[in-house]
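Subject: Structure handover

Hello,

Here is the structure I promised to pass on. Please open it next to this message and follow along.

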Amino acid sequence: SVVHQRSSGPSPLLSASKSNVFNIHERTLSSQPVIFNPDFFVERLRHEHPQEFTDLVLSNITRLIDLPGDEFSQLSGEAEPRLPSSSAGGFLRSLNFLKRKEKGLVFGAPLTEEGIAQIYQLIEYLSKNLHVEGLFRVPGHSLRQAALREMLNTGAEIDLETGDFHPNDAATLLKAFLGELPEPLLTHRHYLAHLKIGELTRFDEQGNKTTTPDKERQIEAFQLLFMLLPPANRSLLKLLLDLLYHTARNQHVNKMSAINLATMFAPHIIWPKNVTASDLQGNIEKLNKGVASLIRYSQKLFKVSFTSFCLHLSHYFLPKFCSSDDMTLCSGAKNGPLAAVPLSTPTKRSGPEVSDTEHQNYTQSALRELYQQVNKMPESAKKKKLIKQVLKVLGSQILTDKENGHLKSRHSSTSEGSPRAINETD
């Protein structure tokens with residue numbers, strides 16, 4: 001039999017899956033200085049000061065995409081999402097959802113840790129069968145799917161390696177699970193923001209907008225938007241995108257590219273509920289391309305990039321919310337190279353809002369301070385990378401003439417023997 005009785009102790013599969021699913025952001029951070037690992041402080045701020053965290057993320061999102069008042073209110077939760085809708089089928093689906101909710105089943109029920117742990121069995125099995133041609137496109141066998149669905153709904157641990165089920169059965173059920181969630185995995189609240197991110201394109205030398213997607217800004221916007229997802233949605237989304245990313249990397253075998261996969265999954269993870277293709281009024285292609293971008297960029301989307309968000313986090317919230325003991329962690333010793341360099345806290349103003357010029361001056365000052373801290377670190381590949389990241393944000397204008405001269409001197413002495421950069425494949 002493929003169904004096993006639960007033992008008195010936790011199952012290795014579910015224990016491992018829960019560890020993977022719900023401790024994504026709690027992996028060991030000791031391999032690098034804490035002060036330069038923004039994920040540590042992001043999670044601390046998220047849990048200890050949720051409102052400040054939300055406000056900071058929202059302010060950085062609006063720096064990247066234009067959200068008029070009503071759209072911003074929807075994203076922030078101050079207003080109900082306004083979505084395309086269909087008059088057909090809404091009542092029946094709501095009634096069916098209530099029936100499923102009363103039974104406490106996995107399929108059709110709100111997203112929970114237990115539900116994700118069950119569905120992780122499908123994800124784990126599919127990750128070992130990425131070679132199957134037409135994976136996620138070719139449907140499975142209806143009778144096998146019904147049996148597998150019932151096992152998952154009862155909380156059973158299933159040995160999918162026995163050969164009783166086919167990868168297409170698991171793939172079809174994974175899509176069904178996502179499609180039957182009461183709300184899309186990417187949430188109704190974020191729907192309009194995803195459309196706006198898809199419109200981010202580069203500008204030419206004359207400042208005119210082009211049709212070339214601005215990959216860097218899109219990635220940063222996705223990173224910020226995902227910080228606002230409920231924890232369960234964020235955890236499952238990471239698992240799903242990682243699976244689809246590796247599926248697309250095997251497209252030479254399974255014939256499923258990122259855009260093919262996006263076409264299969266967009267209706268299940270981003271389309272508003274109870275709508276048809278005609279209700280989306282021409283946004284289908286934009287949504288498909290957006291999901292394809294999520295798949296291609298997935299390995300970067302759940303990290304905190306070195307952006308102005310990171311700078312605001314380290315220079316405003318770090319001194320405010322972290323103890324002196326936290327501050328010494330960055331060097332591993334109380335007299336380490338960074339411990340003696342204090343981080344300044346921005347002055348709070350009770351009057352009118354700070355002007356753009358004042359804000360820019362503060363950002364430049366914060367960058368220069370961060371550059372000085374990094375420059376005091378021992379020579380290493382990490383130090384070079386951090387310096388490069390600081391300069392990438394605002395450029396060499398943030399440095400004094402003396403610091404620029406020092407930087408050019410170091411660059412000329414090391415450029416000849418520096419390793420060739422490795423280009424990452426989307």
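This is a predicted model: local features need pLDDT of at least 70, side-chain atom pairs count only at pLDDT 80 or more; totals for chains, interfaces and linings use all residues.

**H7 and H8**

Start with helix H7, residues 142-153. It packs on H8 at an angle of about 60 degrees, and the axes are 10 Å apart. The crossing is right-handed. On the H7 side, the contact uses Arg144, Gln145, Leu148, Arg149 and Leu152. H8 brings Asp169, Ala170, Thr172, Leu173 and Ala176. By type, this contact has five nonpolar, two polar and three charged residues.

**Thr172**

Thr172 sits in helix H8, which covers residues 167-179. Is Thr172 buried or exposed? Its relative accessibility is 18%, and the cut-off for buried is under 20%, so Thr172 counts as buried. What does Thr172 touch, leaving out residues up to four places away in sequence? The list is Val138, Pro139, Gly140 and Gln145. For Gly140 there is a polar detail: a polar atom of the Thr172 side chain lies 3.1 Å from the backbone nitrogen of Gly140.

**H11 and H13**

Now move to helix H11 (residues 231-249) and helix H13 (residues 258-269). Their axes come within 10 Å and cross at roughly 155 degrees. Angles over 145 degrees count as roughly antiparallel, so H11 is roughly antiparallel to H13. This crossing is right-handed. H11 contributes Leu240, Leu244, Thr247 and Ala248 to the contact. From H13 come Ala258, Leu261, Phe265 and Ile269. Seven residues of this contact are nonpolar, one is polar and none is charged.

Most residues other than glycine have a negative phi. Two residues here are worth checking on that point.

- Thr187 has a positive phi, near 75 degrees, and is not a glycine. It lies in the loop between H8 and helix H9 (191-197). Thr187 is buried, with a relative accessible area of 8%.
- Lys255 also has a positive phi, near 65 degrees. Its place is the loop between helix H12 (251-254) and H13. Lys255 is partly exposed, at 47% relative accessible area.

Over to you.

Best wishes

Terms used. Residues are numbered from 1 along each chain as its sequence is written. Side-chain values use heavy atoms; hydrogens and water are left out. Axes are lines fitted to C-alpha atoms, for helices over the stretch in contact, and angles run from 0 to 180 degrees between N-to-C directions. Helices (H or I, at least four residues) and strands (E, at least two) are DSSP runs, numbered from the N terminus. Angles under 35 degrees count as roughly parallel, over 145 as roughly antiparallel, 65 to 115 as roughly perpendicular and the rest as oblique. A crossing is left-handed if the near helix is turned anticlockwise from the far one by less than a right angle, and right-handed if clockwise. Contact means heavy atoms within 4.5 Å. Ala, Val, Leu, Ile, Met, Phe, Trp, Tyr, Cys and Pro count as nonpolar, Asp, Glu, Lys and Arg as charged, and the others, Gly among them, as polar. Buried means under 20% relative accessible area, exposed over 50%, partly exposed in between (1.4 Å probe, protein chains only). A polar contact is a pair of N or O atoms within 3.5 Å; within protein, one must be able to donate a hydrogen and the other to accept it, and residues adjacent in sequence count only if both atoms are side-chain atoms.
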